[in-house]
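Here is a short note to read beside the structure. Please keep the model open as you go.

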Amino acid sequence: MRIDVFTIFPDMVSGFAGQSLLGRATAKGLLDVRIHDLREHTTDVHRTVDDSPFGGGAGMVLRPEPIYASVEAVDPPRPLFLLGPGGRRLDQAMAQELANSGGFSLLCGRYEGVDDRVRTDLCDGELSIGDYVLGGGEVASMVVLEAVGRLVPGVMGNSASAGDESFSDGLLEYPQFTKPAEFRGMDVPEVLRSGDHGRIARWRRVRALERTLASRPDLIEARGGLSEDEQALLADPDLQA
Ligand code: SAH
């Protein structure tokens with residue numbers, strides 16, 4: 001899976017992409033992340049990438065020429081997404097969609113953003129990581145790389161672990177525990193040490209439902225409320241916390 005990133009701060013992104021999960025995925029040949037420095041395609045001695053906005057106003061805007069030149073020089077995988085607060089908001093379903101695709105590319109804006117001709121003509125779409133404004137698209141590109149990269153088949157050590165995570169079935173994940181079984185007077189629930197896999201699965205389902213109902217009732221709403229089976233599980237006296 002190839003992902004190309006265009007930025008004026010390539011070192012920010014390459015440092016991140018070279019380590020941990022993404023670094024290992026790259027070493028294994030599962031991911032091919034290519035980071036391109038927009039400044040390499042400037043033509044003046046100052047390597048200028050930005051200029052003041054037509055019509056006035058504060059700040060600087062990225063000029064179209066280095067961006068077009070950079071993208072045209074590598075013919076990156078499409079779609080090419082402009083990162084920006086006006087885009088489609090990234091969620092787990094979109095991360096999964098992107099992980100199933102052959103590849104895609106990300107363009108990081110900076111300052112006040114990019115010349116709008118880049119958005120309307122060069123890019124195929126716009127992608128936001130949330131309703132807030134960052135100083136640049138680099139952190140957003142890292143969020144996309146990590147959320148998508150870990151879903152690419154083979155990237156996570158245990159391929160089953162992506163399946164019951166938060167959002168994968170419209171619920172938050174059940175609580176996780178590890179050793180020690182008793183810590184500062186707090187015990188790990190007995191059922192998790194029982195070895196009864198059926199009961200463990202039902203207990204986890206109930207905890208996931210309860211947690212989602214308490215913290216993210218909108219997720220329950222979005223999946224059409226609770227099924228009859230789920231209501232029965234929640235009421236089961238054998239499965240209480
Ligand atoms: N003036 C713009 C914000 C520019 S922020 C506006 O008001 O909409 C500078 C750059 O940061 C953007 O070009 C974009 O690439 C990136 N960025 C900012 N917020 C983002 C977000 N929520 N998601 C993805 N990228 C974002």
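Against which helix do the buried residues of α9 pack? Point 3 has the reply.

1. Ground rules. This is a predicted model, where local features need pLDDT of at least 70, side-chain atom pairs count only at pLDDT 80 or more, and totals for chains, interfaces and linings use all residues. Residues are numbered from 1 along each chain as its sequence is written, and side-chain values use heavy atoms, without hydrogens and water.

2. Domains. The protein splits into domain 1 (2-149) and domain 2 (166-239). These bounds come from an automatic or database domain assignment. The two domain centres, taken over C-alpha atoms, are 38 Å apart.

3. Helix α9. This helix covers residues 228-235; helices are DSSP runs (H or I, at least four residues), numbered from the N terminus. Down the axis of α9, the buried residues fall within an arc of 100°, so they line one face of the helix. That arc is taken from the directions from the helix axis to the C-beta atoms. The buried residues of α9 pack against α7 (197-215), with contact meaning heavy atoms within 4.5 Å.

4. The other face. Turned away from the buried side of α9 are Glu228, Asp229 and Ala235. These residues are exposed (over 50% relative accessible area).

5. Check yourself. Why do residues three or four places apart point the same way in an α-helix?

Terms used: Buried < 20%, exposed > 50% of the residue type's maximum accessible area, 1.4 Å probe, protein only. Helix = DSSP H or I, 4+ residues; strand = E, 2+ residues; numbered from the N terminus.
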